[in-house]
Amino acid sequence: MEKVLRAMSHFDVTIEPETCAPFGGGHINDTYMITSKTGEKYIIQAINTNVFKNPEQIMDNIRMVSEHIVQRTGGCNAVMCFIPTKSGRYYHPDSENKFWRLYYFVPAICLDFPENEQDFYECAFAFGEFQKNLSDFPAEKLHETIPDFHNTPKRFKNFLKAVSEDKMGRAASVQREIDFIKEREEFYSILFSNFESGKLPLRVTHNDTKSNNVLLNSETR
């Protein structure tokens with residue numbers, strides 16, 4: 001954990017760490033919880049630069065979106081509060097090309113699967129609030145951190161190419177699934193075609209709307 005604590009030392013916070021351990025079940029970034037000797041808890045993450053080639057852009061997006069939500073709501077309860085480095089940035093690149101970010105730990109419940117209908121409702125409400133608070137944000141300011149990741153027409157084109165080439169010889173065993181996807185070809189271009197025609201405005205979206213991307217209040221859920 002020496003590299004984690006070394007990265008922590010570059011951020012503008014004075015604590016004496018007591019424990020440092022891996023945290024959570026995320027499978028993209030490396031996440032650790034640091035607890036100080038006086039009980040404060042922090043989350044420090046190394047952004048996966050194999051997935052996110054431009055981590056500076058990610059943090060820039062988060063900064064712009066968070067600042068806008070704070071302005072709309074008048075507080076920072078609905079956003080993650082990142083701690084800047086001593087040089088004023090919200091990330092620290094180390095000698096191993098790892099990009100670290102630090103924020104305050106939020107004590108809450110995080111569910112991989114909603115346990116009842118109310119959990120479903122609260123998660124949906126949270127995403128709705130997120131969209132509402134960003135409805136007037138100029139989305140063109142955001143960076144596209146993974147080009148074409150949500151380009152569904154291109155995804156479908158790549159899918160057809162993969163099926164045609166069948167490099168691993170597995171297409172025959174999943175023909176039912178292949179047919180299912182092919183039968184819905186017209187569906188994949190709906191968003192893009194409506195955007196290009198001017199019917200659909202450009203908006204900020206979350207694009208990973210699942211329950212374990214929502215924090216629920218530990219007492220009230």
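How many salt bridges does the count come to? I was working on a predicted model, and there the count comes to 13 salt bridges. I then looked up some of them one by one.

I started with Arg 63 and Asp 60, whose side chains meet in a salt bridge at 2.7 Å, N to O. Both sit in helix α2, which spans residues 55–73, and they are 3 residues apart, so about one helical turn separates them. I checked the cover of each partner. Arg 63 is partly exposed, at 32% relative accessibility. Asp 60 is partly exposed as well, with a relative accessible area of 24%.

Next I took Glu 129 and Lys 132. Their side chains form a salt bridge with an N to O distance of 3.1 Å. I noted that the two residues lie in helix α3 (residues 117–133) and are 3 residues apart, which means a separation of about one helical turn. Glu 129 has 27% relative accessibility and counts as partly exposed. For Lys 132 I read a relative accessible area of 46%, so Lys 132 is partly exposed too.

**Entry: Glu 183 and Arg 184**

Here I found a salt bridge between the side chains of Glu 183 and Arg 184, at 3.5 Å, N to O. Is Glu 183 buried or exposed? Glu 183 counts as exposed, because its relative accessibility is 63% and the cut-off for exposed is over 50%. Arg 184, at 34%, counts as partly exposed. I also looked for salt bridges that share partners, and such bridges join Asp 60, Arg 63 and Glu 67 into one network.

**Entry: strand β5 and its partners**

I turned to strand β5, residues 99–104. This strand is mostly covered, with 5 of its 6 residues buried. I then listed its pairings. Strand β3 (residues 41–47) pairs with β5 in the antiparallel sense, over 6 bridges. In that pairing I found Ile 47 opposite Phe 99 of β5. Strand β4 (residues 92–93) also runs antiparallel to β5, and 2 bridges join them. There, His 92 stands opposite Trp 100 of β5.

What do β4 and β5 form, and how many residues lie between them? They form a hairpin, and I counted 5 residues between the two strands. I looked at the turn and noted that Asn 97 has a positive phi of about 65 degrees.

**Entry: nonpolar surface patch**

Which residues form a nonpolar patch on the surface? I listed Phe 187, Ile 190, Leu 191, Phe 195, Leu 200 and Leu 202, which together have about 580 Å² of accessible area. I followed up on Phe 195, which is found in helix α6 (residues 190–196). Phe 195 is partly exposed, because its relative accessible area is 40%, and a patch residue needs over 30%.

**Entry: Ser 211**

My last stop was Ser 211, in the segment after α6. Ser 211 counts as buried, since its relative accessibility is 10% and buried means under 20%. What does the side chain of Ser 211 reach? I found the backbone oxygen of Leu 111 at 2.8 Å from that side chain. I then listed what Ser 211 touches, not counting residues up to four places away in sequence: Leu 111, Asp 112, Phe 113, Pro 114 and Cys 123.

Notes: Residues are numbered from 1 along each chain as its sequence is written. This is a predicted model: local features need pLDDT of at least 70, side-chain atom pairs count only at pLDDT 80 or more; totals for chains, interfaces and linings use all residues. Side-chain values use heavy atoms; hydrogens and water are left out. Buried means under 20% relative accessible area, exposed over 50%, partly exposed in between (1.4 Å probe, protein chains only). Helices (H or I, at least four residues) and strands (E, at least two) are DSSP runs, numbered from the N terminus. Two strands pair if DSSP finds at least two bridges between them. Patches are made of residues with over 30% relative accessible area and no salt bridge: like charges are joined within 9 Å, nonpolar side chains (Val, Leu, Ile, Met, Phe, Trp, Tyr) within 5 Å. Accessible areas come from the Shrake-Rupley method with a 1.4 Å probe; for residues, only the protein chains shown count as cover. A salt bridge is a side-chain nitrogen of Lys or Arg within 4 Å of a carboxyl oxygen of Asp or Glu. A polar contact is a pair of N or O atoms within 3.5 Å; within protein, one must be able to donate a hydrogen and the other to accept it, and residues adjacent in sequence count only if both atoms are side-chain atoms. Contact means heavy atoms within 4.5 Å.
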